[in-house]
Amino acid sequence: MAVFGGRRRSDDPALPPGQHLTESFPVLSAGPTPVINTHDWEFFIHTEDRQTHRWNWTEFLELPAEDVSTDIHCVTSWSKLGTSWRGVSLDTLFAQVTTQLDYVMAHSFGGYTTNLPLTDILGGRAWIAYEYDGAPLDPEHGGPARLLVPHLYFWKSAKWVRGLVMQHDDKPGFWEENGYHLHGDPWREERYGAWREDPYG
Amino acid sequence: MIPASFGWRSGTLSGARRLTPSARSLTFRVPGWPGNEAGQHVDVRLTAPDGYRAVRSYSMASVGDGDEVELAVARLPDGEVSPFLVDELELGDRVELRGPLGGFFVWRSGQAQCTQLIAGGSGVVPLVAMVRAHAAADDRAPMQLLYSLRTPADAFYADELGGFTATVPTTWHYTRTPPPGGDRPAGRLTEHDLREQTLPVENEPLIYVCGPTGFVEAVSHQLVSLGHAAASVRTERFGGV
């Protein structure tokens, strides 16, 4: 019988259950990387009273930005610790927005969506990031700008994000419709669609 | 659609064979496995004697009902799990599996659109499952495969793919060393190659691209540039771990 040794064991408390460390930055996407010119770029937040708040690229870069150093965790089981980003806090954007609804659907160029509770993107826990490691964000990693919600699995950090639509219920987005968990907390291993009955516990 | 299941199941290695010097086909018997669609993946969990665990995702080459799951694993030079699966795991050994996973990068037999598969290296694995599912289907639109690989010795499932020539023709594209007498020089796939060797835009194929990130980035951009709708290009990428 072959005995698995395992060379990368880590007691790093920053590593959630079932994750392993990587130095590289793998990509998880469902289709071609969209080509987005910042001249055409716009970010919006749409609310239940049909208000749409909009920022073009120039306006967006004028908003107060924050440097964020954080760990990221992909559902496919890699984690990367101490990544460096720069972007605008969702708190800054929502300071201009009035809504009574508790959920958002993030929309991306290319048509992909992911759902989030508002409480997960406010309170200094989420950003629209446009720099990675001191340089403009690469298109394959979501540039010109992506959502950054590092306390959830990384598919929630929607690449090529273009806007948020407030919604009444936590309606599933593209990835969640295709088998991923509705919420995606890596510390609770919310990887796959546990909103369905789990026959194996 | 077969529902995903979220618990871990024990799988016993019931069959294994070398595909290339650095890759191996592994078949596990997994009691209770619900079957899977073509293109889905599975998580594999290994546990060391001291309780340390490692989990990796692998695409399945197998498809359909039954309690056997076939993976084709390539050894990553600095890998933790793949060298163990490729070089050490013995018949009768057990691992744990969770799945099937993924509901988008799948091919279903009722699809009306014709299908173009494009593989880079070991990215051929989920596409082999699609070729197998196509062969088993009654009602099927045309399918073909473009397989980009370094040299003929790097081919996975060459004999089996050759056997499907009448229904799913495979075009072989070599990036380093073509076979003796090959009629095309080696090199990365270009837009010209894709135009010559894949289903044309006017046929409106559904296209599945799987391979390393750089390969998928390049090919999917070229496909969009040829005029294919981005929404008809489905991608699966790997690399870095």
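Biologist: Which residue is the bridge partner of A:Met105 in E7(A)?

Modeller: A:Asn115 is the bridge partner of A:Met105. Bear in mind that this is a predicted model.

Biologist: What joins E6 to E7 in chain A, and which way do they run?

Modeller: Strand E6, residues 103-108 of chain A, is joined to E7(A) by five bridges, and the two run antiparallel. Within E7(A), A:Pro117 is the residue opposite A:Tyr103.

Biologist: How many residues sit between the strands of that hairpin?

Modeller: The hairpin of E6(A) and E7(A) has four residues between its strands, and A:Gly110 there takes a positive phi near 100°.

Biologist: What sheet are they in, and what is its strand order?

Modeller: An open sheet of five strands in chain A, with the order E3-E2-E11-E6-E7 and mixed pairing. Strand E3 (52-56) and strand E7 (113-117) of chain A are the edge strands, each pairing on one side only. On average, neighbouring strands of this sheet are turned by 15° against each other, direction ignored.

Biologist: Switching to chain B. How many helices and strands there?

Modeller: Chain B has five helices and eleven strands. Its radius of gyration is 18 Å, close to the 18 Å from the globule rule for 241 residues, so chain B is as compact as a globular protein of that length.

Biologist: And what box do its C-alpha atoms fill?

Modeller: Roughly 55 × 40 × 30 Å, taken along the principal axes. Of the 241 residues in chain B, 47% are buried. As for contacts in chain B between residues at least 6 apart in sequence, 72% join residues at least 24 apart.

Biologist: What about the five-stranded sheet in chain B, what is its order?

Modeller: The order is E9-E8-E7-E10-E11 in chain B; this sheet is open, and its pairing is parallel. Strand E9 (170-174) and E11 of chain B are at the edges with a single partner strand each, so one side of each has no neighbour in the sheet. Neighbouring strands of this sheet are turned by 10° against each other on average, ignoring direction.

Biologist: How many bridges join E7(B) to E10(B)?

Modeller: Five, and E7(B) and E10(B) run parallel. One pairing is B:Gln116 with its bridge partner B:Ile207 in E10(B). Helix H2 (residues 125-136) of chain B packs on this sheet, where H2 touches E7, E8, E10 and E11 of chain B, and its direction makes about 145° with that of E10(B).

Biologist: Where does H5(B) lie?

Modeller: H5(B) lies across E7, E8, E10 and E11 of chain B and runs at about 155° to E10(B). Helix H5 covers residues 213-226 of chain B, 14 residues, and spans 20 Å from first C-alpha to last, close to the 20 Å expected at 1.5 Å a residue.

Biologist: Which residues of H5(B) are buried?

Modeller: The buried ones are B:Thr213, B:Phe215, B:Val216, B:Glu217, B:Val219, B:Ser220, B:Gln222 and B:Leu223. What covers them includes strand E7 (115-120), strand E8 (143-149), helix H4 (191-197), strand E10 (206-212) and strand E11 (233-238) of chain B.

Biologist: Why would residues three or four places apart point the same way?

Modeller: Because an α-helix has 3.6 residues a turn.

Biologist: What comes just after H5(B)?

Modeller: B:Gly227, which takes a positive phi of about 115°.

Biologist: Last topic. How many residues of chain A are in contact with chain B?

Modeller: 39 residues of chain A are in contact with 39 residues of chain B. On the side of chain A that touches chain B, 16 residues are nonpolar, 17 polar and six charged.

Note on methods:
Residues are numbered from 1 along each chain as its sequence is written. Chains are lettered from A and ligands numbered from 1 in the order in which they are written. This is a predicted model: local features need pLDDT of at least 70, side-chain atom pairs count only at pLDDT 80 or more; totals for chains, interfaces and linings use all residues. Two residues are in contact if their C-beta atoms, placed from the backbone, lie within 7 Å. Ala, Val, Leu, Ile, Met, Phe, Trp, Tyr, Cys and Pro count as nonpolar, Asp, Glu, Lys and Arg as charged, and the others, Gly among them, as polar. The radius of gyration is taken over C-alpha atoms; the globule rule is 2.2 Å times the number of residues to the power 0.38. A residue is buried if 20 or more other C-beta atoms lie within 10 Å of its own, exposed if 12 or fewer, and partly exposed in between; C-beta atoms are placed from the backbone. Two strands pair if DSSP finds at least two bridges between them. Axes are lines fitted to C-alpha atoms, for helices over the stretch in contact, and angles run from 0 to 180 degrees between N-to-C directions. The expected span of a helix is 1.5 Å times one less than its number of residues.
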